[in-house]
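Keep the sequence and the 3D view open while reading.

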Amino acid sequence: MIQERILELVKYGLTTGLVDPADEVYTVNRLLEVLGVDDIEDETFEKVEAQPAWTQEEAEEKLEGILEDMMTYAYDNGIMKENSIVYKDLFDTKLMGCLVNAPSVIRARFKDLYDNESSLAATDYFYKLSCDSNYIRRQRIKKDMKWTTDTEYGTLDVTINLSKPEKDPKAIAAAKNAKQSAYPKCQLCKENEGYAGRVNHPARENHRIIPVTINNSQWFFQYSPYVYYNEHCIVFNSKHTPMKIERATFGKLLDFVTQFPHYFVGSNADLPIVGGSILSHDHFQGGHYTFAMAKAPIEKEITFKGYEDVEADIVKWPMSVIRIKSADRDKLIDLADKILLAWRGYTDEEAFIFAETDGEPHNTITPIARRRDGDYELDLVLRNNITTEEHPLGVYHPHAHLHHIKKENIGLIEVMGLAVLPARLKGEMAELRDAILTGKDLHSTETLASHADWALKFMSKYDKIDESNIDGIINEEIGLVFKEVLECAGVYKCTDDGRAAFQKFIDAVNA
């Protein structure tokens, strides 16, 4: 069986283009070594060769089963230490790494496509490779729950992410006892490319990165293994250096969309609470996707003194967004920097905006860049991370009554209109569904108590809730919670007073 699976995995590589026919025997021998197998019998070669050719789609469907059988063999024969998700992920990545070309080969192919065809052809090639190599695990991504909810701000995207595996107890214990390593320094560092991994750091033998020069500095480009949206990419500094929003950030973002005009790119803010999950390594996120925020209408046209030829607007969005647009990159960078510096030092006590308290800075910006109609466009989302006794996790953060759905930071992806919700909600919402249909007391059920008040409130809105509509109702109401989450995160609310305070800041920039 294991001999067949080795040949089938190589067949997968040949079908998808991961393996060049000239490398077929070499790849077989690499897999033999990893699995501790000495040879492959002639009959096995003949049996596999007699199978019909696979299409790309058939190969994709077969991969998970092939790897599962290979890991069962590895565990039964003492090659794989534990038969659990962390150890299996480490081992199947080692197997897939045998199929992936060296970085130099992949970078040369990317460059050839970029130079001789288009940036789109280059990213199409690299994205497919990242999926075919199982670095992006297609079969797990398919399990993610996704839907949309229409609101007055546009159609919001919602996903319950199930593709990121949870660690098992044995792996958690092993990670605690494992020798601490500073290599790679974090999961974004360039040293991850080809790294074998360990119980407290994912394997990356099948991972490849593409060098890009932005703002005269060396960065790299890769895809996120969890792809929250189409071609979800990460652009990261070649050096392990902290996140920082500054003038150079705008230049880097615009440089990237100059080179890849079919992608947007943005940065998480650089402060805790309003920033992303990794603040220790400077990076951006982008992709081939149009979020609700990019499609949101203009609420009000504004003008900045000295930049009258730059189109500027306040966007109709629950968070506080200034959109500036121009064909002149340098002028756009100048204005973005002017707005950033003004916001860093801006205080309006009446609007509860404080630049700093006790020496701790609170104001920063989440910037997003894209090309539109040949021009450059920057969305500057004003952020503030102040906390109070009433809101210890942040005044401009999901408030406590929303934590049963979303408690985590509101980073770049959520800012643009995609809710990335925790995996726990899949089970909790299934249980809530059954409880509503059977009339259970929601408050007395331990796992549903946190959802009870919310559920009872939305249930009263509907004349009828039954098997035919309950799934749609629950999804709709989760989407409306996300809308409220974004409203919490907006420093200037979409009210007359909030918009007046927003204009007050615009006036301060122009002063």
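Helix H6 (residues 103–116) and helix H7 (residues 119–132) have axes that come within 7 Å and cross at roughly 150°. That makes H6 roughly antiparallel to H7, a label for angles over 145 degrees. The model is predicted: local features need pLDDT of at least 70, side-chain atom pairs count only at pLDDT 80 or more, and totals for chains, interfaces and linings use all residues. Residues are numbered from 1 along each chain as its sequence is written, and side-chain values use heavy atoms, with hydrogens and water left out.

**Helix pair H6 and H7**
- Helices (H or I, at least four residues) and strands (E, at least two) are DSSP runs, numbered from the N terminus.
- Axes are lines fitted to C-alpha atoms, for helices over the stretch in contact, and angles run from 0 to 180 degrees between N-to-C directions.
- On the H6 side, Ile106, Arg109, Phe110, Leu113 and Tyr114 meet residues of H7 that include Ala122, Phe126 and Leu129; contact means heavy atoms within 4.5 Å.

**The sheet**
- An open sheet of 10 strands has the order S3-S4-S5-S7-S6-S13-S14-S10-S9-S8, with antiparallel pairing; two strands pair if DSSP finds at least two bridges between them.
- Strand S3 (210–214) and strand S8 (298–302) stand at the edges with a single partner strand each, so one side of each has no neighbour in the sheet.
- From one strand to the next, the twist averages 25°.
- S3 is joined by 5 bridges to the antiparallel strand S4 (residues 217–223), and Pro211 stands opposite Phe220 in S4.

**Helices across the sheet**
- H7 lies across S3 and S4 and runs at about 55° to S4.
- Helix H12 (residues 329–344) lies across strand S10 (321–326), strand S13 (363–372) and strand S14 (375–384), at about 5° to S14.

**Buried residues**
- The largest nonpolar core has 96 residues, of which Leu9, Phe221, Phe304, Ile324 and Tyr492 touch the most other members.
- Such a core is a set of buried Ala, Val, Leu, Ile, Met, Phe, Trp, Tyr and Cys residues joined through side-chain atoms within 4.5 Å, where buried means under 20% relative accessible area (1.4 Å probe, protein chains only).
- Apart from this core lies another, of 51 residues, among them Leu156, Met319, Leu442 and Ala489.
- In helix H15 (residues 449–459), the buried residues are His451, Ala452, Trp454, Ala455 and Phe458.
- These buried residues of H15 pack against helix H14 (424–438) and helix H16 (470–489).

Technical notes:
Buried means under 20% relative accessible area, exposed over 50%, partly exposed in between (1.4 Å probe, protein chains only). Angles under 35 degrees count as roughly parallel, over 145 as roughly antiparallel, 65 to 115 as roughly perpendicular and the rest as oblique.
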